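Here is a short note for a colleague opening this structure for the first time. Please read the points in order.

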Amino acid sequence: MKCKMTPLKADLLLLILAIVWGSGYSVTKVAVVVTSPIQFLTYRFVISSILSFLFFRKKFMKADRSDWFAGGLMGVFLAAGMLIQTIGIQYTSAGKTSFIASAFVIMVPFFYWCITKEKPSLKIVAATFVMMIGLGMLFINPGGIDTINKGDLLILISAVSFAMHTTIIGIFAPKKDPYLLSGIQFITCCIILLILSFFDSNRQEITFTGVTAILYSAVIITFVCFIVQVVCQKYTSPGRAAIIINLETVFGALIAILFLGESYSRIMTIAFVVIFISVLIAEVNIKKVKI
């Protein structure tokens, strides 16, 4: 007997999704201690690619050149964003990473504007201003601008790549099969990382911790969460989905506090709140959110 999906069930699943995605920052932080960034990501996307092919092999057989171009382009920016973020998280906290990474939401409308000539709305401009205040509070601390963490800057650069990735999805996804595009982007990431792995001089022997982190990231965070998001967003409103999914940043910080023992100053906590508010301003249409 099939369990009928309802808006409430969809919202609850999206909440679980936000928690899982939030945990990803802490998992990555632990993984890069026992593996190199390239090594970790290579295993992660090899597994995700294999799962994609097993589940969507019939779709792959029907893919045409335009599908491979769109999915391949998505994969290039996804690989760049993931690699830069994974390197950056070695030099900063998992909690800060989750909030700085959310800056990509603000960038997407501006990249979309450059490509499609569709100007961002006033609320996006306002959200960008609020985001800049929050990031400024994180980056420029009482120690002065010379104390800016290079890890934080790398995370911000990775957000640019993720913004381009999301922009490309927005352009191609409405006309393509999202499952197929996702699978192709995983395979593209896999190929890029396999090539880079030949030049990786920091490879380490895989430990039990590394295996656990890789499997969790590949199967749950990368593959399963994608399917859950695609399915659930068919049964709930974009406004509610945006609010729930953006809780990922909050859960990311909370999980880092609980499991990694991270702590944040008062100014950093305020900065987190400001950044989270800016993301909500950008993504949520209050008039369409049903309570």
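**Notes on one helix and its neighbours**

1. Serine 26 is buried, at 5% relative accessible area (buried is under 20%, exposed over 50%, partly exposed in between, with a 1.4 Å probe and protein chains only). This is a predicted model, where local features need pLDDT of at least 70, side-chain atom pairs count only at pLDDT 80 or more, and totals for chains, interfaces and linings use all residues. Residues are numbered from 1 along each chain as its sequence is written, and side-chain values use heavy atoms, without hydrogens and water.

2. Serine 26 lies in helix H1, residues 7-34 (helices are DSSP runs of H or I, at least four residues, numbered from the N terminus). Leaving aside residues up to four places away in sequence, Serine 26 touches Ala94, Gly252, Ile255, Ala256 and Leu260 (contact means heavy atoms within 4.5 Å).

3. Helix H4 (residues 94-101) and H11 have axes that come within 8 Å and cross at roughly 175° (axes are lines fitted to C-alpha atoms over the stretch in contact, with angles from 0 to 180 degrees between N-to-C directions). H4 is therefore roughly antiparallel to H11 (over 145 degrees). Ala94, Gly95, Ser98 and Phe99 of H4 make the contact, with H11 residues including Gly252, Ala256 and Leu260.

4. Valine 30 is also placed in H1. Valine 30 is partly exposed, at 32% relative accessibility.

5. Which helix gives the most to the nonpolar patch? Helix H11 (residues 247-260) does, with three residues.

Note on methods. Helices (H or I, at least four residues) and strands (E, at least two) are DSSP runs, numbered from the N terminus. Angles under 35 degrees count as roughly parallel, over 145 as roughly antiparallel, 65 to 115 as roughly perpendicular and the rest as oblique.
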